[in-house]
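Thanks for coming. I will take one chain today and go from the whole to a few of its parts. Please have the view open while I talk.

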Amino acid sequence: MKQGDMTEFLEPPGEDKTTYAAPALEKGLDILELLAEAGEPLSTRAIAERLARSKGEIFRMVFVLQQRGYLVREAGTDRLALSRRLFDLGIRTPRGRQLTSIVLPLMERFSEESGQAAHLVVLSRGQTVVIATTSGHLDATVTVRPGYGRPALEANSGLLILAFQSQTRRRALMRDGSPADHERLDDPALEQVLGEIRALGHRIAPSRDIMAVTDIACPVIGPAGHAEAAILVPSLQRHGWVTDEVAILETLKAVCSEAGAQLAL
C-alpha cells in the first residue's frame with residue numbers, strides 16, 4: 001500500500017470524532033436494545049412507534065437484521081424477537097471461550113461419573129444465562145438449552161454468583177437489572193442471604209422454576225477471587241429413589257475447585 005493510500009483511514013482534519021454519526025447503525029442498535037428491554041416479541045409497527053420512527057425505515061432495518069440472523073419472527077404472527085445470535089457471539093469472546101473450554105470437559109466428566117445433568121451459568125445484564133449443559137446418563141434428568149435465563153435475584157445460581165462478589169462488582173453485574181432489583185440490593189435481608197451462601201460455599205435449595213427439583217450449585221472462583229460462573233446440578237426427586245445430595249455436592253465442589261485453578265493459569 002502506498003503512503004498516499006493511507007489517507008482514507010485518517011480522521012478528517014479538524015473534525016471532532018465525538019460528532020461522528022452512523023444513522024443506519026444507530027437504528028439497528030436501537031431495535032436490538034428495544035427488543036432486549038421489552039422482554040417480548042414486538043411487531044414492526046410497535047417497534048416504529050416506540051422508537052418514534054417511520055414504519056418504512058424500521059422495516060428496512062428489520063429486514064436486514066432478519067437476514068443476518070439477529071431477529072426471528074414469532075410463528076404465526078408478525079411479531080419479532082431477538083434470536084440467539086447475540087448470545088452466541090457473546091460466548092465466543094475470548095473470556096467466554098476460555099471459561100467454556102476449561103469448565104465443559106470437567107462438567108462432562110462429572111456427568112459421566114454421577115449420571116447427573118449439569119449447567120454452566122454466568123450473569124449477564126442482571127440475568128442468569130446458561131452457556132453450556134451436559135445431560136448425564138440417568139433415565140430422568142432436567143436439562144435446559146443454552147441461552148436460558150431468568151432474573152439473577154430469582155435464581156439459585158444467580159444468588160450464588162452474587163454472593164461471591166464485592167459490593168462494587170455486584171452492583172456492576174446488576175446494573176441492567178430492574179428498578180426493583182436495584183432496591184433489593186440495599187435490602188439487609190438479601191445481604192444476609194448472600195452472606196449465608198458465601199459462608200457455606202455453595203447453594204442447595206428448591207428450584208425456583210421446577211417442582212420436585214433441588215438445585216445444587218457451587219461457584220467457579222476466578223483468579224481475582226470472585227465467582228466467574230456457577231455450575232448447577234438440578235437434582236430430580238423421584239418416587240422410590242433417594243438421591244445422595246451430599247455426594248453430588250462434594251463431587252461438584254471438587255470440579256469447581258479444579259476449574260477455578262485452571263482459570264488462574
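To what does the accessible surface of the chain come, and what share of it belongs to carbon and sulfur atoms? The surface comes to about 15100 Å², and 54% of that belongs to carbon and sulfur atoms. Areas of this kind come from the Shrake-Rupley method with a 1.4 Å probe, and for residues only the protein chains shown count as cover.

Before going on, the ground rules. This is a predicted model, in which local features need pLDDT of at least 70 and side-chain atom pairs count only at pLDDT 80 or more, while totals for chains, interfaces and linings use all residues. Residues are numbered from 1 along each chain as its sequence is written, and side-chain values use heavy atoms, with hydrogens and water left out.

Now the overall picture. The C-alpha trace of the chain spans about 70 × 50 × 40 Å along its principal axes. The chain has 10 helices and 8 strands. Helices (H or I, at least four residues) and strands (E, at least two) are DSSP runs, numbered from the N terminus. Of the 265 residues in the chain, 38% are buried. Buried means under 20% relative accessible area, exposed means over 50%, and partly exposed is in between, with a 1.4 Å probe and protein chains only. As for contacts, meaning heavy atoms within 4.5 Å, take those in the chain with a separation of 6 or more: residues 24 or more positions apart account for 53% of them.

Let us start with helix H1, residues 23-38. How does H1 cross helix H2? The axes of H1 and H2, the latter being residues 44-51, come within 11 Å and cross at roughly 100 degrees. That makes H1 roughly perpendicular to H2. On the H1 side the contact is made by Asp30, Ile31, Leu34, Leu35 and Ala38, and on the H2 side by Ile47, Arg50 and Leu51. These residues divide into 6 nonpolar, no polar and 2 charged.

A word on terms here. The axes are lines fitted to C-alpha atoms, for helices over the stretch in contact, and the angles run from 0 to 180 degrees between N-to-C directions. Under 35 degrees counts as roughly parallel, over 145 as roughly antiparallel, 65 to 115 as roughly perpendicular, and the rest as oblique. Nonpolar covers Ala, Val, Leu, Ile, Met, Phe, Trp, Tyr, Cys and Pro; charged covers Asp, Glu, Lys and Arg; the others, Gly among them, count as polar.

H1 also packs against helix H3, residues 55-67, at an angle of about 75 degrees, with the axes 10 Å apart. H1 is therefore roughly perpendicular to H3. Ala24, Lys27, Gly28, Ile31 and Leu32 of H1 meet Glu57, Ile58, Met61, Val62 and Leu65 of H3. This contact divides into 7 nonpolar, 1 polar and 2 charged residues.

At 9% relative accessibility, Thr44 counts as buried. Leaving aside neighbours within four places in sequence, Thr44 is in contact with Lys55, Ile58, Phe59, Val62, Asp78 and Leu80. The C-alpha atoms of Thr44 and Ile31 are separated by 9.8 Å, and the two residues are 13 apart along the chain.

Further along is helix H6, where 8 of its 8 residues are buried. Among them are Leu159, Leu160, Ile161 and Leu162.

Last, the salt bridges. How many salt bridges are there? The count comes to 12, where a salt bridge is a side-chain nitrogen of Lys or Arg within 4 Å of a carboxyl oxygen of Asp or Glu.

One of them joins Arg125 and Asp176, at 3.9 Å from N to O. Arg125 lies in the loop between strands E4 and E5 and Asp176 in the loop between helices H7 and H8, so the pair ties together parts that are 51 residues apart in sequence. Arg125 is partly exposed at 46% relative accessibility, and Asp176 is partly exposed at 39%.

Another joins Arg184 and Glu154, whose closest N and O atoms are 2.9 Å apart. Arg184 lies in H8 and Glu154 in the loop between E5 and H6, so this pair ties together parts that are 30 residues apart in sequence.

Glu191 and Arg198 also meet in a salt bridge, at 3.8 Å from N to O. Finally, salt bridges that share partners join Lys27, Asp30, Arg53 and Glu57 into one network.
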